[in-house]
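Subject: Structure for you to look through

Hello,

Please open the structure below and keep it beside you while you read. My notes on it follow.

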Amino acid sequence: MPSSKYVWLSAALRNGGEVITASRRLSRELRQAYDADQLDRGREAWLTPPIWSWSDWLSRQLAAASEPLEIPVLLDSHSAELLWEQCLAQHIAEDLPGFTSLARQTFDSWQRLEEWRVSVAELTAAARSQDEQLFAATARDYARKLRANRWMDMGGKAAVVATLIASKRCLPPPSIVLAGFDRINPATAEVITAIEGQGCRAEKSPSPSLQKKPGLCAYVHLEAEMRAAGRWARERLDANPCAEIAIVVPALDADASGVARLVKEGLVPGWQFGGPKFAAAANVSYGRKLVEYPAVVVAMLVLRWIQHGLNSREVGVLLRSRCIACDDMGSRVRVESRLRRFPDRTWSPAVFQAHFAPREERADARTFMGCVATLAEMQDQIRHVASPGEWAERIDQLLAAVFWPGPATLDSDEFQLNNRWRELLNEFARLQIVAPTMNFGEAIRRLNAMASDVLYQPESGTGLVRVLGSLEAAGMEFDAVWISGLDASQWPAKANPTKFVSFALQRKHGMPDATPADTLSFARQVLGGLISSSNEPILSWVATRDDLELTPSGLLEEFTLESIQTEIDPGWFARSLIGQDEFHVETDTPPAIGDAEQVRGGAYTVQRQYVEPLSAFVLGRLGVRSLETIETGLSASVRGNIIHHALHNLYAHKPSQSEIAAWSNEDLINRVGSAVDMALAEQHRLGDELHRRLLGLERNRLLQLLQDFVAAECMREEFAVVDLEEKLDYSKFGVNLGLRVDRIDRLVDGEMLIIDYKTGLPKHFLNGSGDLTDLQLVVYAAAHGGPIGGLALLNVDSRSVQGKGAGAGGFGKHPVDDWPATLDAWRAEVDRSLQALAGGDVRVNLMMSVAESRPLAILSRKEELLRAN
């Protein structure tokens with residue numbers, strides 16, 4: 001059945017006619033509509049229809065003109081903007097904060113002046129303020145350079161084409177139809193006048209006639225409006241699966257992905273569980289900046305790493321990315337885990353490779369380190385100036401050397417992104433027409449700026465529903481359209497007059513938003529075009545946004561609207577699942593520990609089993625680990641490790657208390673200084689200047705801390721250090737644990753005191769009632785097997801050096817009448833925890849605080865369990 005959309009298109013293309021659109025999006029849309037019409041007519045082949053966007057049509061006229069050598073060379077947008085920046089830099093310093101933004105704004109204003117055919121002379125004469133005079137001076141220099149080099153920019157292309165047509169150096173078609181032009185600027189009008197002067201008929205595409213009055217809906221907030229729009233679209237598709245449905249959203253660029261999610265809540269409820277097709281049900285017209293795509297982020301990081309170092313967070317991004325090196329990530333994750341143990345710093349490729357490469361033997365890590373080595377070698381090959389074309393070729397080689405964009409086969413979207421990146425490199429190479437040479441650093445900065453300018457969206461299926469901005473939809477026709485956001489704050493939109501140009505000059509030339517009347521008139525025209533884009537339009541507005549009360553746009557009063565019942569907001573899909581009896585939570589009991597299974601975490605896993613069994617299973621058996629936060633200075637964990645190493649170094653020769661007490665003050669200072677320096681050695685080796693200064697402060701703190709530690713040790717009962725960081729293997733009930741005991745002392749009666757150092761907030765071995773709170777020491781006692789006289793947690797921190805424990809050794813606040821029996825009872829508690837761990841116990845402790853349970857809250861579903869109980 002022939003389509004009812006674009007009924008004018010076939011007639012416009014007869015007898016050599018051409019269609020010119022305001023955007024490439026509309027030109028693609030019209031070509032697809034023409035192709036569909038040819039298929040409906042039963043044709044198997046046809047000529048590609050002459051449907052072009054305005055910019056492409058102008059380029060075709062330039063290419064077809066006679067005497068092409070006399071035509072100025074066309075600069076692409078990136079080259080023209082760079083030339084503009086060079087001219088602006090003649091008047092203000094490039095290193096001025098905000099220079100790039102200022103250059104962008106002033107260049108946009110220049111392009112609008114060209115569209116409205118405002119001469120530099122008029123601009124200069126009208127300039128009054130310092131900003132206007134700066135802009136006019138830059139414009140004079142820019143225009144002078146264009147003339148001197150016989151260049152033209154994209155804004156000047158229309159004027160050149162108009163001249164060529166008027167002089168009959170290029171021939172227009174017999175007729176043209178302009179589609180999607182909400183506003184005809186003077187430069188476009190000049191071309192139209194020229195082609196009409198050559199006998200070409202030019203007219204605008206007709207607007208469809210409305211067969212149904214638009215209806216108006218009101219909603220409480222944006223979420224309800226978008227969900228309702230999605231549900232409305234679903235109902236229309238249920239009635240006609242082939243229908244072209246559009247939802248128009250003003251200011252879509254502010255949160256395009258958020259709007260798409262809301263629409264899908266009504267369009268395909270439960271889309272989160274439906275796979276890629278459901279996720280693509282709403283096709284949003286607004287793309288993202290090219291520099292925001294992960295593969296491009298990685299490419300820019302690689303190039304910056306060659307130029308200068310990356311910080312730890314940036315190196316971590318490369319380690320986690322599949323866009324470089326090999327696809328296997330196992331060992332690279334371990335490298336990042338080690339990286340996070342160091343304070344944030346700047347890593348050059350050579351320093352990173354020297355520290356991390358020697359310890360890596362697995363293939364994926366070696367491949368990554370090989371890429372890092374390649375980058376280190378290339379640093380010596382970029383210390384020169386070259387043309388943008390040479391740098392583009394070199395950049396392509398650099399990325400290929402690290403296997404970018406990844407070794408895996410690219411899917412359609414990835415393939416298109418890779419092609420767009422290569423197009424960007426070609427555009428970068430063309431910069432040499434205005435910048436013959438540049439160094440590598442400047443090349444990378446310019447390439448990054450260009451990637452930030454490019455809005456990119458891969459071409460894919462149209463989805464079930466299109467989500468468009470109000471300007472993107474210009475000229476399109478739909479079977480049904482929903483126009484949202486029609487409140488007074490958005491229609492008409494906020495005026496955006498041309499910056500750096502006097503208002504008097506803007507009003508004289510009738511430039512956009514020069515007067516409130518122009519803003520209102522343009523909004524009226526755009527809204528009228530959207531309403532007439534379909535025979536079934538729905539209009540909507542919301543009563544509140546960001547806690548502000550809104551009113552419907554006054555523009556709505558100019559249209560005859562039909563009173564309709566408000567489309568129903570379906571609400572959140574997740575809410576519909578509450579209370580449904582057909583849902584069944586599958587019991588998935590973990591298996592018992594196998595014979596060869598090694599439980600991670602040592603004694604602390606038993607402690608976790610004692611406090612919250614689920615955490616023991618997740619961390620001890622599954623081996624889940626939280627990545628350490630990269631800290632600017634020394635993290636708490638790094639400081640703790642340094643203190644542990646320093647304490648080990650101090651007692652490395654296993655002295656007795658009497659020997660410690662006999663140390664002279666000078667001897668003590670020397671021993672403490674040596675112990676601290678050895679503990680800080682690795683940090684010093686990898687530190688930059690700032691890091692070394694921080695280590696100097698830390699050294700001073702540790703010197704005093706260890707002296708306080710020795711003083712506290714001398715106040716204890718007699719002891720002798722027997723073992724430091726002793727490794728023990730302990731197996732019971734099938735649970736195999738690898739243990740490391742910080743320290744074991746021999747007391748005067750020959751029994752052992754097991755000590756565990758703690759360097760953070762003070763921890764207690766027993767609570768205020770004398771009940772056991774920490775099983776770690778008891779696990780060590782069970783694994784040791786010898787006579788144990790006491791257990792102690794020794795808190796070593798700047799706040800205090802204090803031991804808390806039980807039994808002999810001088811650390812027990814709570815006296816124990818029958819120490820052997822008490823220790824046996826605690827060992828029995830360890831046995832019960834080991835048996836539960838071995839059997840697959842994953843209970844959730846509902847009595848834990850929110851802070852304690854937060855790390856595993858999603859896995860444990862603690863809040864759901866609390867509500868259920």
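Gly789 touches Glu751, Met752, Gly807, Ala808 and Trp819, leaving out residues up to four places away in sequence; contact here means heavy atoms within 4.5 Å. Gly789 lies in strand 25. Gly789 counts as buried because its relative accessibility is 2%. Buried means under 20% relative accessible area, exposed means over 50%, and partly exposed is in between, with a 1.4 Å probe and protein chains only. Gly789 and Arg746 are 43 residues apart in sequence and 8.8 Å apart in space, C-alpha to C-alpha.

Before the rest, some ground rules. This is a predicted model, in which local features need pLDDT of at least 70 and side-chain atom pairs count only at pLDDT 80 or more, while totals for chains, interfaces and linings use all residues. Residues are numbered from 1 along each chain as its sequence is written, and side-chain values use heavy atoms, with hydrogens and water left out. Helices (H or I, at least four residues) and strands (E, at least two) are DSSP runs, numbered from the N terminus.

Strand 25 (788–797) also belongs to the surroundings of helix 25: the buried residues of that helix pack against strand 25, helix 27, helix 28, strand 22 (719–732), strand 23 (735–747) and strand 24 (752–758). Which residues of helix 25 are buried? They are Val638, Gly640, Ile642, Ile643, His644, Ala646, Leu647 and Leu650. Helix 25 (residues 636–650) has 15 residues and reaches 21 Å from its first C-alpha to its last, close to the 21 Å expected at 1.5 Å a residue (the expected span is 1.5 Å times one less than the number of residues).

Next, the helix pairs. Helix 27 (residues 665–686) and helix 28 (residues 689–714) pack at an angle of about 145°, with their axes 9 Å apart. Axes are lines fitted to C-alpha atoms, for helices over the stretch in contact, and angles run from 0 to 180 degrees between N-to-C directions. Among the residues that meet are Leu668, Val672 and Leu680 in helix 27, and Leu695, Leu702 and Val710 in helix 28. By class, this contact of helix 27 with helix 28 has ten nonpolar, five polar and four charged residues. Ala, Val, Leu, Ile, Met, Phe, Trp, Tyr, Cys and Pro count as nonpolar, Asp, Glu, Lys and Arg as charged, and the others, Gly among them, as polar.

The axes of helix 18 (residues 388–401) and helix 20 (residues 440–453) come within 11 Å and cross at roughly 80°. Helix 18 is therefore roughly perpendicular to helix 20 (65 to 115 degrees counts as roughly perpendicular, under 35 as roughly parallel, over 145 as roughly antiparallel, and the rest as oblique). Trp391, Ile395 and Leu398 in helix 18 meet Phe440, Ala443, Ile444 and Leu447 in helix 20. The residues of this contact of helix 18 with helix 20 divide into seven nonpolar, no polar and no charged.

Last, the backbone. Most residues other than glycine have a negative phi, and most peptide bonds are trans. The bond from Trp404 to Pro405 is cis, with omega near 5°, and Pro405 is in the loop between helix 18 and helix 19 (412–429). The bond from Trp491 to Pro492 is also cis, with omega near -5°. Phe733, in the loop between strand 22 and strand 23, has a positive phi near 55°.

Regards
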